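Look over the model below before reading on.

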Amino acid sequence: MAPPPPRHLLLILLGFVAAASLATLAAAMYEDQVGLADWHQKYIGKVKHAVYHSQKSGRRRVVVLTEENVIASLDLRSGDIFWRHVIDKNDPVDQLSLSLGKYAVTLSSGGSILRAWSLPDGQMVWETNLEVSKLSKPLLHILSNNKVAKDNLVLVAAGRWIYAVSSIDGVIAWEKEFSLDGIEIKQVLQSPENDILFVVGIAGSSKLNLYQLNAKTGEVVKHIQESFPGALCGEALLVSRNVLVALDETRSGLFLIEIKGESISYNKVHLSDLVQDLSGTVKLLPLMSNGVIALQESSTLSLLKLKGIDGLEVIQSFEQPAALSEALTITEKMKLLPLCTIWVLKLNLLSNLQVIEDGLASILDVITSELPVEKDGVSVANVEHNLFEWLKGHVLKLKGTLMLASADELAAIQALRLKSSEKNKMTRDHNGFRKLLIVLTKAGKVIALHTGDGRIIWSNLLPSLRTSKFGEIPSALGIYQWQVPHHRVMRENPSILVVGRSGTDSSAPGVLSVLDSYSGEELNSLRFDHSVVQIIPLTLKDSSEQRLHLIVDSHSRAHLYPRSPDAISLFLHEMPNTYFYTVDIEKNVIRGHSLQKSCYLSFDDEYCFSTKELWSIIFPSDAERIAVSETQKMNEVVHTQAKIIADQDVMYKYLSKNLVFVATLSPKATGEIGSAAPEESWLVAYLIDAVTGRILHRVTHHGAQGPVHAVVSENWVVYHYFNLRAHRFEMAVIEIYDQSRADNKDVMKLILGKHNLSAPITSYTRPEVMVKSQSYFFTHSVKTMAVTQTAKGITSKQILIGTIGDQVLALDKRFVDPRRSVNPTQQEKEEGLLPLTDSLPIIPMFYVTHSLQVEALRGIISIPSRLESTTHVFTYGVDLFYTRLAPSRTYDSLTDEFSYALLLITIAALVAAIIFTWIWSEKKELSDKWR
Amino acid sequence: MAAAPLRPRLLPLLLLAALSLSLAAAFQSDELLLLHDDDEFEGAGARPSPPPPATVAAASSRRRSSDAAASGHTESSVVQFSLEHDLGSGFVPAGSFSARLKSSAHGSQTLTKLRFTRNELTRDEKDAFEKLLKEDGFYSIRLQSNVLDPARKDYVVSSIKARCIPHESLDEHIVIHMDGVNILAVNYGSVGGCQYPRPMKLPSKWIFNSYTLLKTAEQAPRTPSFVDQLIEAENGLGDVVKPPEKSFWAKYWMYIIPVGLIVMNAITAAANVPEGQAGEQGQAGAQRAPNAAPRRR
């Protein structure tokens with residue numbers, strides 16, 4: 001029996017460690033628990049381009065391209081997603097077309113990447129890189145059934161280049177560069193009879209060039225040039241086989257150009273003759289139907305029909321169109337049908353995908369709201385009716401636990417679990433599991449989702465945030481709690497505040513609206529006469545429990561809302577202790593401000609306050625650029641102020657709500673990984689007190705590169721970056737402890753009341769802090785980071801990491817403890833310190849999203865439930881995912897799985913046994929006495 | 001007896017010592033940074049030094065390796081910059097810093113040997129300060145962020161509630177965070193704490209007692225890597241240290257105690273058995289039991 005070789009020992013040890021950590025940490029679930037508390041919804045985003053595709057056999061499909069850079073194939077009848085691909089944001093897809101009825105062809109990155117996707121299953125068939133100039137607008141044209149060659153050619157034209165790519169394997173069949181100076185290809189046309197391609201290009205601003213190419217070889221057959229009296233703006237459309245419509249430079253006239261064999265003739269039409277009240281920029285929208293063109297102004301869309309070369313007539317105009325599908329291939333017979341088809345298609349999509357389609361894929365901000373309290377007086381009949389069902393359910397569950405259930409019954413149990421009406425009720429529950437998730441989308445729509453199953457309770461497209469006729473595009477900024485009623489005004493519904501801007505510019509005046517959280521009705525709406533730069537929710541509440549908000553404008557003036565005398569009197573009392581800070585990424589400066597009475601406005605406004613700059617930190621632009629600034633969540637609760645370490649010593653956490661973490665990168669380190677050498681890239685991490693501007697800690701990581709992601713909670717910061725020297729991602733942790741309270745350890749003093757624990761703390765006292773830090777290698781690159789929040793802050797924390805694979809990883813905070821050492825002592829082990837490892841483990845069970853992916857993940861939000869052990873986690877991107885997490889397992893409640901029937905039966909059996917033995921012993925005693 | 005007259009003289013001395021110590025600490029960290037850089041420079045070796053002073057640089061760097069205290073700067077000059085304060089009516093000069101600008105061989109520049117002189121408060125300034133104290137206002141100071149290029153009007157500002165400053169005299173504590181020659185931030189604070197609520201208190205002496213400190217960034221330690229150790233362990237180089245053998249009692253106490261209890265129980269039970277049959281059986285049981293115990297182990 002030779003001892004096992006050391007390698008095996010190591011493996012065994014590793015296995016043991018893994019098993020041990022699993023036993024203590026894993027809050028993973030079983031396979032049959034998937035979907036009990038969590039839900040996942042798939043979206044594609046706002047459709048900007050659709051290709052209609054009908055196969056002879058099979059279901060009708062539409063291939064769409066959306067603003068979230070998603071290519072998807074949808075079932076036209078049910079709106080189900082057959083397949084979809086989320087393309088990286090750096091690679092914007094701008095053209096989509098079908099080829100051979102088998103492939104969806106996309107052109108992305110300004111015409112440089114051409115991809116073909118298989119229609120039935122969405123697999124990528126081929127990808128070809130083309131060299132084009134990025135400035136020009138690329139064109140994608142697919143030759144319709146070409147009899148010459150067996151496969152269709154895909155034509156990509158951009159600038160002065162034209163490529164023909166085989167649609168079967170993506171090989172470039174031929175390429176052609178037009179040597180004419182300043183020519184830009186505007187249109188590629190095909191003559192149906194012979195294999196001749198017409199290429200329309202505009203050189204300079206007024207010279208129209210027409211090339212005829214051989215479709216097989218790309219040779220120039222003929223070249224015609226024609227000069228125009230007025231300049232062309234470059235937008236041109238082929239309306240019918242030989243008539244081209246082009247906008248002139250002023251965008252007020254149309255050229256109708258007819259190509260007759262070798263000559264070009266043209267006619268000019270003034271738009272004002274056709275359409276009244278022209279406003280905004282006029283655009284020509286491509287519409288591939290014969291003789292009809294679409295003309296878009298700021299708010300209306302007109303459809304014009306061509307009458308030969310002599311003129312145009314308006315068929316119809318639409319107010320505020322959403323989008324126009326451009327690539328519908330329509331035959332000659334359906335001259336006016338396209339309109340209907342477009343709208344039907346639109347409606348089809350919208351009704352099937354429940355109109356929310358575009359909204360929920362572009363969430364800006366999320367808050368939660370409690371549901372209404374359950375009304376008293378639940379009828380007895382209701383309970384009785386349910387009693388039998390309830391019993392049946394529990395008997396089924398019991399069977400499941402005792403492994404007696406058949407396959408059918410197991411399925412029934414699963415169905416019962418999933419259906420459980422309890423979790424979908426519209427009332428508040430004891431554990432705080434049922435809540436409303438109120439989300440604000442990019443388009444200014446507010447939507448409330450139920451946490452139980454993710455269904456939409458209400459949605460409201462705010463009128464103040466809707467695109468107006470004047471062409472200004474409002475932008476939504478954020479969503480905040482406005483009124484959370486407690487005891488006094490319990491009967492009122494809670495309300496939420498939505499703040500936006502009436503334009504995209506930061507100096508545009510702001511808009512505010514207050515919504516009812518239960519119904520989504522707009523209670524109040526207001527248009528500011530100032531801009532919105534920063535919104536600061538204060539902790540103060542007025543007598544009607546409305547939360548006070550400070551809105552800072554671009555002139556550094558703060559405005560108080562709500563505007564009530566009650567609010568101002570409350571606020572004036574707290575004003576000397578109100579500070580705020582601004583991070584100016586462009587100027588590389590962080591500034592702290594205090595508020596002063598009086599606003600120096602022309603009129604007297606008592607709700608307006610001027611600000612005074614108290615402190616500033618100027619980062620030298622040649623050495624550091626602000627990469628990220630983070631603070632802890634405002635509603636975070638910390639339970640223990642001290643940490644008891646192994647040798648019975650106490651370390652006081654430096655707990656300050658004013659702690660700001662700022663990370664700066666050297667200018668070269670902000671680029672892509674690999675663009676800078678380790679010597680010229682570094683990251684500097686700062687911990688700053690936001691009231692005094694004091695830099696509490698400052699540390700440089702040499703050879704570190706962005707992107708940086710950080711999360712701040714309690715007294716620690718965890719941040720993620722790339723280490724160029726080690727060629728790996730790293731996660732660093734900083735924990736900050738208060739040394740000035742370190743002498744509070746004397747128990748005698750505590751008993752005699754001589755400690756200074758109850759003395760008020762002011763930021764103006766210079767803190768003595770001690771900092772502990774450590775860094776670990778981490779395998780993944782990270783999209784976003786968050787931390788779990790619980791009601792009382794007792795439960796241990798998990799760091800929620802949105803990985804590059806669009807999943808959420810819950811990493812226990814214990815893994816990123818700076819006090820981990822290589823050989824922890826016995827006491828440290830008892831405390832729960834893990835031995836130091838160089839990298840953080842990623843165990844598949846840590847994935848909160850189990851097998852699902854939240855495509856294009858953007859944010860993770862953790863909201864405490866009323867049960868201390870449990871927290872809600874809501875993840876959004878193009879998809880939505882919600883689950884409940886218990887970082888230290890549900891120590892404070894029985895799980896849903898708990899079999900009450902088993903408990904009851906056990907108790908009954910015990911009682912029966914007691915009675916039986918008692919009777920039996922009585923009898924025996926009696927018979928003994930008779931003997 | 002002799003100690004008493006000494007004390008008044010000792011106090012300023014101590015203060016001075018503390019001041020120089022705090023300054024010295026800053027210099028040390030500077031020097032450390034420099035040294036570290038130099039080490040890298042020497043380690044790199046291949047990096048070309050500028051041609052004309054090549055020999056000088058080489059010599060100095062060689063000297064540096066032998067004599068750590070000498071810093072290898074080719075040029076050193078004195079830089080002056082002023083501290084401005086705001087007593088409620090705009091920033092006015094209130095003092096000046098002078099420091100030595102060190103430029104090391106490979107181009108990086110640092111400030112060292114910072115000295116600070118405060119201007120005396122004028123009559124008006126005293127009044128303004130008193131006013132600030134009365135209304136619990138902010139006392140702000142500012143420094144130029146780029147000391148070499150005063151034309152750029154970028155200032156780093158720091159403020160404190162005026163009522164935090166007065167103790168016996170006006171005590172201030174200035175921490176200047178540097179990044180090369182750029183002043184990143186200045187943290188202005190009082191010496192000792194500042195209580196809340198802040199009582200109105202006038203200083204007995206209208207003199208500023210200044211403590212200044214230069215701070216540069218710390219270096220983050222490298223992430224520990226255990227790859228070498230793993231390889232070592234794999235090759236069997238690193239012997240697995242066996243835990244020290246525990247004593248017999250420490251290992252098996254949890255078995256011995258129950259067995260002992262059972263034996264005790266058995267003995268008492270045997271003792272209680274009526275005398276008639278007890279004699280032989282009780283003894284046999286008592287003998288058997290201790291034998292049974294080791295067998296179980």
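B:Phe138 stands opposite B:Lys161 in strand 5 of chain B. Strands pair when DSSP finds at least two bridges between them. Helices (H or I, at least four residues) and strands (E, at least two) are DSSP runs, numbered from the N terminus.

This is a predicted model, in which local features need pLDDT of at least 70, side-chain atom pairs count only at pLDDT 80 or more, and totals for chains, interfaces and linings use all residues. Residues are numbered from 1 along each chain as its sequence is written, chains are lettered from A and ligands numbered from 1 in the order in which they are written, and side-chain values use heavy atoms, with hydrogens and water left out.

Stay with strand 5 (residues 155-161) of chain B. Of its 7 residues, 7 are buried. Buried means under 20% relative accessible area, exposed over 50%, and partly exposed in between (1.4 Å probe, protein chains only). Both faces of the strand are covered. B:Tyr155, B:Val157, B:Ser159 and B:Lys161 lie on one side, with B:Val156, B:Ser158 and B:Ile160 on the other.

B:Tyr155 also takes part in a charge-ring contact. The charged end of B:Arg142 sits over the B:Tyr155 ring, 3.7 Å from its centre. The criterion is NZ of Lys or CZ of Arg within 6 Å of the ring centre and within 35 degrees of the ring normal. B:Arg118 does likewise with B:Phe208, its charged end 3.6 Å from the ring centre. B:Phe208 belongs to an aromatic cluster with B:Phe129, B:Tyr139, B:Tyr188 and B:Trp206.

Rings of Phe, Tyr and Trp (its six-membered ring) pair if their centres lie within 6.5 Å; planes under 30 degrees apart count as stacked, over 60 as edge-to-face and the rest as tilted. The pair links distant parts of the chain: A:Trp39 is in strand 1 (residues 39-41) and A:Tyr882 in strand 55 (residues 880-885), 843 residues apart. Both are buried. The rings of A:Phe874 and A:Tyr876 have centres 6.2 Å apart and planes at 35°, so this pair is tilted. A:Phe874 is buried at 0% relative accessibility, and A:Tyr876 is buried at 10%.

Now turn to a loop. A:Ser865 lies between strand 53 (859-864) and strand 54 (871-876) of chain A. It is buried, with a relative accessible area of 3%. Contact here means heavy atoms within 4.5 Å. Leaving out residues up to four places away in sequence, A:Ser865 touches several residues, including A:Asn431, A:Phe433 and A:His872.

Another loop, in chain B, brings the two chains together. B:Phe226 sits between strand 9 (218-219) and helix 4 (227-235) of chain B. Which residues does B:Phe226 touch, not counting residues up to four places away in sequence? They are A:Val822, A:Leu836, A:Thr837 and A:Asp838. B:Phe226 is buried at 12% relative accessibility.

Last, chain A as a whole. It has 10 helices and 55 strands. Buried residues make up 50% of its 931 residues.
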